[in-house]
Amino acid sequence: MDLSPASLPDPRWSTAVPDWQDRILAGKSLIPELPLHDAFAEKALRIFKRLRVPDIVDSPTYGEVCEDWVFDFVRAVFGSYDPETKRRMISEFFLLVPKKNGKSAIAAAIIVTAAILNERPQAELFLIAPTQKISGIAFKQAAGIIRLDDTLSTVFLIQGHQKTITHRHTEAVIMVLSADGDIVTGSKGCFILVDESHVLLSKEKAADIMIELRGGLASRPEGFLLQITTQSKQVPQGEFRRELNKVRAVRDGELDLPILAVLYELPPETAREEGWRDETLWPLINPNIERSVSMDFLRKSLREADGKGPDAVALFVSQHLNVQVGEGLTQDRWIGASHWAKAKIEALDWQGFKEVCEVVVVGIDGGGLDDLLGFSAVGRRKTGSGWISFSRAWAHPITLERRQSIAPILQDLADAGDLVLCQGETQDVIEVAGLCAELNDEGLLPEKNAIGLDPYGVAAIIDALIEAGLSEEQLASVSQGFKLNGAIKGTERKLFDGSLKHADQPMMTWSVSNAKTEPRGNAVVVTKAMSGSGKIDPVMALFSGVMLMSLNPEAMGGGLDDFLSNAVMVA
């Protein structure tokens, strides 16, 4: 690897903004100081400002209707290009901004500006909209910009039936595509702008599509890829989650890549516990406030969402306040989720879990074949009185087929570990029984009430457990519904006071975020019906384990130390 000074990144072009939280709360620019090529940046900005907005009365110019944050962003996009070397110092841009802040209008004007400044013959410029309908709107916006300017009308040829706009001199073509159609593959895109990229990146083959789109830039050093999006309407998953994590890491200074990420989002601590309800924060993440979106509109929309329930509120905050689904909501959310993150033990694997426990009980929960089979082991520590949990889950292929909305995140969790995608019909049952038998053989399970199961639909699991050497006395029926109230509230309390810790497992964190509660008389229940498409089987298994551990069991064989001693003696 060449580590000579010439091969290292130029620190002047670092796009890290480690103080972004202070900046956004103070209403300051989220773009760092960069050594932009000012002459080219100003030329691009003059063109951008001169363009007219076709869908506003009297067609004002972009220079008249846009706020300074838009101009700063446009300068950064075009000013990162060196017209002498014809190379770009920043090749990708990611703008996360709430709905109604002019994303589509800005996207159309940027792609037209790029087509005007482009020097490459027959260059391809892509404007990718989230749906066929919106791609039509995006095309009308770009075509309308050109029709409103006499000079541009003579320079560009508009072909509405193909959704293309061609520069008559360079033969460069703006192609307006849709994410729900066939994205051009094998093409050589030079300037690529993706509007609402969370839609494109949620697709099954999103990773392959992005490789295709980025591939053209390798031989076109003057080009760029620009993503403009709101937050996802669901928990970020698949390729969008990976893209979002990457650009956040670049912004935070953890990753050095030629990407400029401008993310209008609240600091996580501010967003949590519904801190986003503070209206003084709304203008900080809606930079076009009182232009394309008003405070009255946001207030009215939130009132309507509150009246419809938590799902509508989650949609409102994700689209209008850029709060990630799964964060920042407390209404109907299981209270324990608020304390889950602080109770984690990092880098704790299955072997490490067993070594620190003097006794272990197990909760098992699963529904039909299109559900997860959840396993949670709850152990009492050898030192002190604290508890610790370790979980795992299994899914059959039919789960991914029938639950398309969560299939990408299930695949992500499988890649991360602790969610197993079954290759055979009985793999889940056999492996659950194997883990229980392992605990039993090592003397960690009690003689009675060691494994808690929902009494319905567990015949195959019981058979596997008995066959693996567990006794009937070790199996306990744990009823669901209001009878789990004590375990639910007990788990909340122990997470809150720190007496229950857990292995830091993404699968379990996701499952916990899905858990929603509803009142049943004096009790609180967590049900699969309340949690929608999100899976909570591992959480329900945890509640069963907590219920059994509350009985203060004693290990049958004295724990792992005795097992190891016996093993040495036998040897």
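1. A search of the whole structure, which is a predicted model, finds one cavity of 30 Å³ or more. The volume of this largest cavity is about 40 Å³. Around the largest cavity you will find V17, W20, L30, R251, A261, V262 and L263 as its lining.

2. Where does the largest share of that lining come from? Strand β10 (residues 259-263) supplies it, with three residues. Sorted by class, the lining of the largest cavity holds six nonpolar residues, one charged residue and no polar ones.

3. Next, please turn to the second largest pocket, which holds about 1000 Å³ of space. Its lining is made up of 37 residues, and those nearest the centre of the pocket are K99, K100, G102, K103 and S104. Two or more lining residues each come from α3 (62-65), α5 (103-117), α6 (132-147) and α8 (197-200).

4. Which element gives the largest share of the lining of the second largest pocket? That is α6, with five residues. The class make-up of this pocket's lining is 15 nonpolar, twelve polar and ten charged residues.

5. Now for the helix pairs, starting with α2 (residues 38-50) and α4 (residues 68-79). Their axes come within 8 Å and cross at roughly 130 degrees. The crossing in which α2 passes α4 is right-handed.

6. Which residues of α2 and α4 meet? On the α2 side they are D38, F40, A41, E42, A44, L45, F48 and K49, and on the α4 side V70, F71, V74, R75, F78 and G79. In terms of class, the contact of α2 with α4 contains nine nonpolar residues, four charged and one polar.

7. The other pair to look at is helix α21 (residues 485-497) with helix α23 (residues 537-549), which pack at an angle of about 90 degrees with axes 9 Å apart. Since 65 to 115 degrees counts as roughly perpendicular, α21 and α23 are therefore roughly perpendicular to each other. From α21, the contact draws on A487, I488 and T491, while α23 brings L542, F543, V546 and M547. Six of the residues in the contact of α21 with α23 are nonpolar and one is polar, with no charged residue present.

How values were computed: Residues are numbered from 1 along each chain as its sequence is written. This is a predicted model: local features need pLDDT of at least 70, side-chain atom pairs count only at pLDDT 80 or more; totals for chains, interfaces and linings use all residues. Side-chain values use heavy atoms; hydrogens and water are left out. Axes are lines fitted to C-alpha atoms, for helices over the stretch in contact, and angles run from 0 to 180 degrees between N-to-C directions. Helices (H or I, at least four residues) and strands (E, at least two) are DSSP runs, numbered from the N terminus. A crossing is left-handed if the near helix is turned anticlockwise from the far one by less than a right angle, and right-handed if clockwise. Contact means heavy atoms within 4.5 Å. Ala, Val, Leu, Ile, Met, Phe, Trp, Tyr, Cys and Pro count as nonpolar, Asp, Glu, Lys and Arg as charged, and the others, Gly among them, as polar. On a 1 Å grid over the protein atoms alone, a cavity is a set of points where a 1.4 Å probe fits but cannot get out, and a pocket is an open set with protein on both sides within 12 Å along at least five of seven lines; lining residues have an atom within 4 Å of a point. Grid points are joined across faces, edges and corners, and a volume is the space filled by probe spheres set on the points. Angles under 35 degrees count as roughly parallel, over 145 as roughly antiparallel, 65 to 115 as roughly perpendicular and the rest as oblique.
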